[in-house]
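Dear colleague,

Here is the structure I said I would pass on. My notes on it follow below.

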Amino acid sequence: MIARREVILGGSLTLLWAAMHPCAGTAQARSRAAYRGCILTEAELSSYYDTKAEMRMYMTGREPIIHKSGNAAFDYALAQTLARLTATLQVLPGFAYYDDHDGLNAFASDAVRMQKADGTVLFGSRLLRRLMAGDDHPDVAVTAVCAHEYGHILQFKRGLIPRLQAGQTTVKRAELHADFLAGYYAGRRKLEKRDYPAAVFAATQHSFGDNQVSHPSHHGTPDERAAAIVAGFKAGYEQGRPLEDAITTGIAYVSRL
Ligand SMILES: [Zn+2]
């Protein structure tokens, strides 16, 4: 999995890994002081997504948010997936692609855009292409990243971030709780569709783990990320927990780490 991560990052970007590590892939040029995992503040989101002009300001200038991937069949399938995520996790964020030319990534923000009440998920178009180039159910790998970001949206909506981060020097608990919720979604999905390849969720998040355990942006080691997916999956699939129960079970799970 380390090898896969190296492939995702590309050799020239590896040095950035230690400096910043958002949810997936390498980082944006944000200050360490402002760093909050793959969670963006209102101001940070605005730097990506300027509602007035439907553009974002970043690095090289004004670059457009991309509402469609360019593949109509994929966008249709993804819309169905996002609707399922909304039904399972009870959140309705806006969703858009953006040009992650500076590093593969996806973000969640509590800032409201696109007339959706529960924040915004931004998915890097390069990360999308890289995941879709995978050979093991690439669409499900994309879903895993989306589910993780929707997990953050749930955390925002329910005010869980301060509780998850209390006394913590890294963002690990919030990140692994989002992984737990992603795994929960995979479990619920597998109850509906018995051949759903839920293991792809664990493999995907494993590939985005990091070993910078004392860095503020530490998201969990590869094994911790995969284990959080599995724990959430069990809560949904084996234990059949309702959402409210799964949320608290997930908090208890990460609090023991
Ligand atoms: Zn995250």
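**Helix packing**

Helices α8 and α10 cross in the right-handed sense. The model is a predicted one, and what follows should be read with that in mind. Helix α8 covers residues 172–192 and helix α10 covers residues 222–237; their axes come within 6 Å and cross at roughly 40°.

On the α8 side, the contact is made by Leu176, Asp179, Phe180, Leu181, Ala182, Gly183, Tyr184, Ala186, Gly187, Arg188, Lys190 and Leu191. On the α10 side, the residues are Glu224, Arg225, Ala228, Ile229, Val230, Ala231, Gly232, Phe233, Lys234, Ala235, Gly236 and Tyr237. Sorted by class, this contact of α8 with α10 holds 14 nonpolar, four polar and six charged residues.

α10 also packs with helix α11, residues 243–255: the two axes come within 10 Å and cross at roughly 150°. With angles over 145 counted as roughly antiparallel, α10 and α11 are therefore roughly antiparallel to each other. The crossing of α10 and α11 is right-handed. In this contact, Ala231, Gly232, Ala235 and Gly236 of α10 meet Ala246, Thr249, Gly250 and Tyr253 of α11. The classes there are four nonpolar, four polar and no charged residues.

**His206**

His206 sits in helix α9, which spans residues 199–207. Is His206 buried or exposed? There are 22 other C-beta atoms within 10 Å of His206, so this residue is buried; the cut-off is 20 or more. The C-alpha atom of His206 is separated by 8.5 Å from that of Ala227, and the two residues are 21 apart along the chain.

**The sheet**

There is an open sheet of four strands, with mixed pairing and the order β1-β5-β6-β4.

- β1 and β5 (residues 106–109) run parallel and are joined by two bridges. Leu40 has Ser109 of β5 as its bridge partner.
- β5 and β6 are antiparallel, with four bridges between them. Phe107 has Leu122 of β6 as its bridge partner.
- β6 and β4 are parallel, with five bridges. Opposite Tyr97 stands Phe123 of β6.

How many residues of β6 are buried? The count is five of its five residues, and the strand is mostly covered. From β6, Thr120, Leu122 and Gly124 point one way, while Val121 and Phe123 point the other way; all are buried. In a regular strand the side chains alternate between the two faces of the sheet.

Helix α5 (residues 125–132) packs on the sheet and touches β4, β5 and β6 (120–124). The direction of α5 makes about 60° with that of β6.

**In brief**

Regards

Conventions:
Residues numbered from 1 in each chain as written. Predicted model: local features only at pLDDT ≥ 70, side-chain atom pairs only at ≥ 80, totals over all residues. Axes fitted to C-alpha atoms, helices over the stretch in contact; angles between N-to-C directions. Left-handed = near helix turned anticlockwise from the far one by under 90°. Contact = placed C-beta atoms within 7 Å. Nonpolar A, V, L, I, M, F, W, Y, C, P; charged D, E, K, R; others polar. Buried ≥ 20, exposed ≤ 12 C-beta atoms within 10 Å, placed from the backbone. Pairing = 2+ DSSP bridges. Parallel < 35°, antiparallel > 145°, perpendicular 65-115°, else oblique.
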